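Have the sequence and the model open side by side as you read. This report walks through the fold one region at a time.

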Amino acid sequence: KRLALVGTRFTMQGRFYPDVFGPAGIDLIVPTPDAQAYIHEAYMGELVPGRFLPGTRELFGSIILRLREQEAIEGVILGGTELPLLLRQADGQGLPLLDTTRLHVEEAVSQLLAPGREE
C-alpha cells in the first residue's frame with residue numbers, strides 16, 4: 001500500500017504514477033527534493049551513458065533505506081529502464097524492487113500471445 005518511486009526528476013514529480021496508483025489505494029512516496037536532485041543527476045549523468053558505479057548503487061540503497069525507515073514503504077518502483085541495471089534485489093534494503101521495464105514487456109508479450117488475438 002506504500003511504494004517509493006525513483007526515476008528521473010520528471011518521473012518522480014509527474015502525475016502519471018500517482019494518478020494511476022492513487023485510485024487503487026496505493027500511496028506513492030518520492031524521495032526528498034535533495035535526494036530527487038541526486039537521483040536525477042546520477043540517472044542522466046551516469047546511468048544513461050552506461051556507467052554503473054558502486055558508489056552510486058550504495059547511495060541509491062541509502063535513499064531506499066531512509067524511505068523504508070521514515071516513510072514505511074513496502075516496495076520500490078524502478079521507474080526507468082536503466083535502474084534495474086544499477087540495482088538488484090539485494091540493493092532494495094529487503095524490499096521488492098518493481099522493474100517497470102520488465103513488467104511492461106511481460107504484459108506486452110502476454111497480450112500478444114493471448115488466445116483469440118488476430119494475426
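This is a predicted model: local features need pLDDT of at least 70, side-chain atom pairs count only at pLDDT 80 or more; totals for chains, interfaces and linings use all residues.

## The sheet

In which sense do β1 and β2 pair, and over how many bridges? β1 and β2 pair in the parallel sense, over 3 bridges. Two strands count as paired if DSSP finds at least two bridges between them. Strands (E, at least two residues) and helices (H or I, at least four residues) are DSSP runs, numbered from the N terminus. One place to look is arginine 2, whose bridge partner in β2 is aspartate 27.

The open sheet has 4 strands in the order β2-β1-β3-β4, with parallel pairing. β2 (27-29) and β4 (97-99) stand at the edges with a single partner strand each, so one side of each is left without a neighbour in the sheet. Neighbouring strands are turned by 30° against each other on average, direction ignored; axes here are lines fitted to C-alpha atoms, for helices over the stretch in contact, and angles run from 0 to 180 degrees between N-to-C directions. β1 and β3 run parallel and are joined by 5 bridges, while 3 bridges join β3 to β4, also parallel. Of the 6 residues of β1, 5 are buried, so this strand is largely enclosed by the rest of the structure. Buried means under 20% relative accessible area, exposed over 50%, and partly exposed in between (1.4 Å probe, protein chains only).

Residues are numbered from 1 along each chain as its sequence is written, and side-chain values use heavy atoms, with hydrogens and water left out.

The pLDDT is the predictor's confidence in each residue, from 0 to 100. The protein averages 90, and 93% of the residues score at least 70. Confidence is highest in α3, at a mean of 97, and lowest in helix α6 (residues 100-112), at 80.

Alanine 4 stands opposite valine 76 in β3, and in β4 the bridge partner of valine 76 is leucine 97. Leaving aside neighbours within four places in sequence, valine 76 is in contact (heavy atoms within 4.5 Å) with Ala4, Val6, Ile64, Leu95, Pro96, Leu97 and Leu98.

The largest nonpolar core has 21 residues, and Val76 is among those touching the most other members, together with Phe60, Ile73, Leu78, Leu83 and Leu87. Such a core is a set of buried Ala, Val, Leu, Ile, Met, Phe, Trp, Tyr and Cys residues joined through side-chain atoms within 4.5 Å. Two or more residues come from each of β1 (2-7), α3 (33-47), α4 (54-71), β3 (75-79) and α5 (83-86), and α3 gives the most, with 5 residues. A second, separate core of 5 residues includes Leu3, Tyr17, Leu28 and Ile77.

## An aromatic cluster

The whole structure holds 3 aromatic pairs. Rings of Phe, Tyr and Trp (its six-membered ring) pair if their centres lie within 6.5 Å; planes under 30 degrees apart count as stacked, over 60 as edge-to-face and the rest as tilted. Phenylalanine 16 and tyrosine 17 form an edge-to-face pair, 5.3 Å centre to centre with 85° between the planes. Tyrosine 17 and phenylalanine 21 have ring centres 6.1 Å apart and planes at 20°, so this pair is stacked.

Tyrosine 17 and phenylalanine 21 are 4 residues apart in helix α2 (residues 16-21), separated by about one helical turn. Phe16, Tyr17 and Phe21 form one aromatic cluster. Phenylalanine 16 is exposed at 57% relative accessible area, tyrosine 17 is buried at 12%, and phenylalanine 21 is partly exposed at 22%.

Leucine 47, in helix α3, is buried at 1% relative accessibility. Leaving aside neighbours within four places in sequence, leucine 47 is in contact with Ala42, Phe52, Glu82, Leu83 and Leu86.

Alanine 72 sits in the loop between α4 and β3. Alanine 72 has a positive phi of about 55° although it is not a glycine, and is partly exposed, with a relative accessible area of 45%.
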